[in-house]
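Please read the following report with the model open beside it. Each part takes up one region.

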Amino acid sequence: MSDLSASVAETAHGFHVTGYEKIEYDFTFLDGVFNLENPQLANYYTQWRRCLAIMDLNIFNLYGSDMTRYFEHYGISLKIHKTMIGEKAKSLETFTEIVDSMTDFGIIRKEPVLVVGGGLVTDVAGFACAAYRRNTNYIRIPTTVIGLIDASVSIKVAVNYGNYKNRLGAYHAPMHTLLDFNFLRTLPVGQVRNGFAELIKISSCAHIRTFDLLDEFCERLIETHFGRINDTTGEVKKVADEINRAGIYEMLKLEAPNLHEIGLDRVIAYGHTWSPLHELSPKVPLRHGHAISIDMAYSATLANRRGLLSDDEHRRLLNLFSRAGLSIDHHLFDEDMLDKATKAILKTRDGLLRAVVPAPLGKCTFLNDVTAEEMNAALRRHKELVKQYPRQGEGIDAFVDSSDTGYTVNSAPLEETLHRVDSKHEAKHEDNKNHPSTSNTFISNLKEVIANRYPHGYHIVEQEWAEST
Ligand SMILES: NC(=O)c1ccc[n+]([C@@H]2O[C@H](COP(=O)([O-])OP(=O)(O)OC[C@H]3O[C@@H](n4cnc5c(N)ncnc54)[C@H](O)[C@@H]3O)[C@@H](O)[C@H]2O)c1
Ligand SMILES: [Zn+2]
């Protein structure tokens with residue numbers, strides 16, 4: 001929602017317009033958004049007596065009946081557009097299907113569309129809302145850790161196009177974001193871990209208390225999906241709620257003055273300097289959370305060698321990534337890769353490295369004067385250190401699988417999924433080698449798409465990219 005104030009002045013040969021747009025949007029923490037006793041969501045729709053929801057098919061399979069019951073209870077008619085989503089389906093085709101549903105529904109100006117799902121759905125449907133009549137309201141309900149603490153904190157919305165990630169998009173704030181961490185009960189643990197990395201990022205550079213909590217409760221936070229399953233005492237949930245609130249608040253404070261990403265010194269870019277190449281170098285791409293963890297761990301070693309991060313703090317940080325099952329190294333990480341990645345990032349950061357490092361933990365600084373010798377020496381030191389870590393520093397479930405690509409359908413009912421997660425027999429996504437989504441063509445297409453998650457694109461062939469968080 002926004003208001004614009006503008007002034008117009010005459011110039012010698014025409015006119016000059018200056019405008020300021022006020023942007024307002026709200027976040028509400030609400031566990032059990034579809035619980036009948038929680039009217040917050042319904043309140044947005046009572047005046048319309050109807051709601052159009054755009055939803056991840058997997059989320060519909062799990063939560064569709066709860067949602068339908070909820071809207072029935074409040075006397076609001078509900079139409080659901082289900083979309084099967086994955087990185088390959090974050091496309092113009094999915095976008096136009098959503099637009100067609102909005103037309104069929106006859107969405108009225110100002111009537112908010114409801115968007116429910118992970119970062120993929122909120123990005124695509126958010127973009128459809130940005131484009132529909134140039135501006136349509138929407139309400140977001142994110143359902144993944146990345147969605148809850150990262151994608152839905154920003155106002156960026158986009159689709160991939162022409163093998164370029166997020167090539168077409170907009171800055172479009174929703175009216176409201178409802179943050180219901182209960183959705184994490186059913187989220188595969190690999191996805192929980194992936195989002196955990198972004199929380200380490202923000203806390204290690206901006207909020208020491210949050211970092212301390214992540215450190216103290218690491219394994220329990222991941223095992224209990226942020227206190228949403230098997231947390232018998234409620235202790236982990238309480239801690240998780242504090243962490244998430246603080247993480248989102250820090251991110252909003254840092255990014256709200258830079259909503260259109262004009263400033264290039266960005267604290268939230270910690271771990272996002274060399275990570276694109278980590279993400280892309282393996283045959284099957286690394287998950288984003290693992291790629292940024294390798295970058296963050298290496299950056300910490302760099303900071304440690306400079307005396308910006310004490311030995312204790314450095315070890316604490318590396319230990320935390322490792323305990324969380326996140327990667328701190330990869331066998332393809334070598335001097336050549338570091339060189340390529342550095343050259344590429346310099347192009348997109350106006351010629352400056354702007355590498356964020358924690359200094360000390362909970363605060364950070366930007367490094368612009370790191371020579372190739374220093375980087376390589378830090379890499380040698382880093383490689384020595386990671387030998388002492390479990391799995392030689394490699395992560396658990398570190399690689400993209402079919403759930404990231406958009407070809408996994410979870411059609412199991414909620415109770416069955418919860419049981420599976422509870423009993424720790426969480427179905428691993430289908431074996432990579434049997435799955436069509438991991439064919440060579442598929443992987444190279446996927447890599448192309450991931451390669452271009454950055455505003456100016458990264459073309460694998462040209463070894464060039466621009467950044468994103
Ligand atoms: N706009 C931004 O600022 C921003 C920031 C970060 C990431 N992103 C985008 O977000 C996307 C990644 O989103 P994501 O990590 O949230 O993943 P996602 O939306 O792909 O969801 C991951 C998988 O989990 C399933 N899923 C989602 N919620 C679930 C739940 N509660 N229970 C069970 N299964 C569930 C989905 O169906 C999917 O298979 C990328 O495209 C990235 O570009 C955008
Ligand atoms: Zn990121």
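Leaving aside neighbours within four places in sequence, G271 is in contact with K201, I292, S293, D295 and M296. Contact means that two C-beta atoms, placed from the backbone, lie within 7 Å. G271 sits in the loop between α8 (235–255) and α9 (275–280). Is G271 buried or exposed? G271 is buried, because 29 other C-beta atoms lie within 10 Å. The cut-offs are these: buried means 20 or more other C-beta atoms within 10 Å, exposed means 12 or fewer, and partly exposed falls in between, with C-beta atoms placed from the backbone.

This is a predicted model, in which local features need pLDDT of at least 70 and side-chain atom pairs count only at pLDDT 80 or more, while totals for chains, interfaces and linings use all residues. Residues are numbered from 1 along each chain as its sequence is written, and chains are lettered from A and ligands numbered from 1 in the order in which they are written.

R109 is another loop residue, found between α3 and β6. R109 is exposed, because 9 other C-beta atoms lie within 10 Å.

| Pair | Apart in sequence | C-alpha to C-alpha |
|---|---|---|
| G271 and S293 | 22 residues | 6.4 Å |
| R109 and Y132 | 23 residues | 9.7 Å |

Now the sheet. Helices (H or I, at least four residues) and strands (E, at least two) are DSSP runs, numbered from the N terminus. Six strands form an open sheet with parallel pairing, in the order β3-β10-β7-β6-β4-β5. Two strands pair if DSSP finds at least two bridges between them. The edge strands, each pairing on one side only, are β3 (26–29) and β5 (77–83). On average, neighbouring strands of this sheet are turned by 20° against each other, direction ignored. Angles run from 0 to 180 degrees between N-to-C directions, and axes are lines fitted to C-alpha atoms, for helices over the stretch in contact.

Strands β6 (residues 113–117) and β7 (residues 138–142) run parallel and are joined by five bridges. V116 has I141 in β7 as its bridge partner. Helix α3 (residues 92–105) packs on the sheet and touches β4 (50–56), β5 and β6. The direction of α3 makes about 165° with that of β5.

Seven bridges join β4 to β5, which also run parallel. Here A53 has I80 in β5 as its bridge partner. The chain crosses from β4 through α2 to β5, a right-handed β-α-β crossover. Right-handed means that, with the strands pointing away from the viewer, the path from the first strand over the helix to the second runs clockwise.

Helix α2 (residues 57–73) has 17 residues and reaches 23 Å from its first C-alpha to its last, close to the expected 24 Å. The expected span is 1.5 Å times one less than the number of residues. A kink of about 65° in α2 is centred on Y63. The bend at a residue is the angle between axes fitted to the seven residues ending there and the seven starting there. Buried residues of α2 include L57, F60, Y63 and M67. After α11 comes G325, with a positive phi near 80°.
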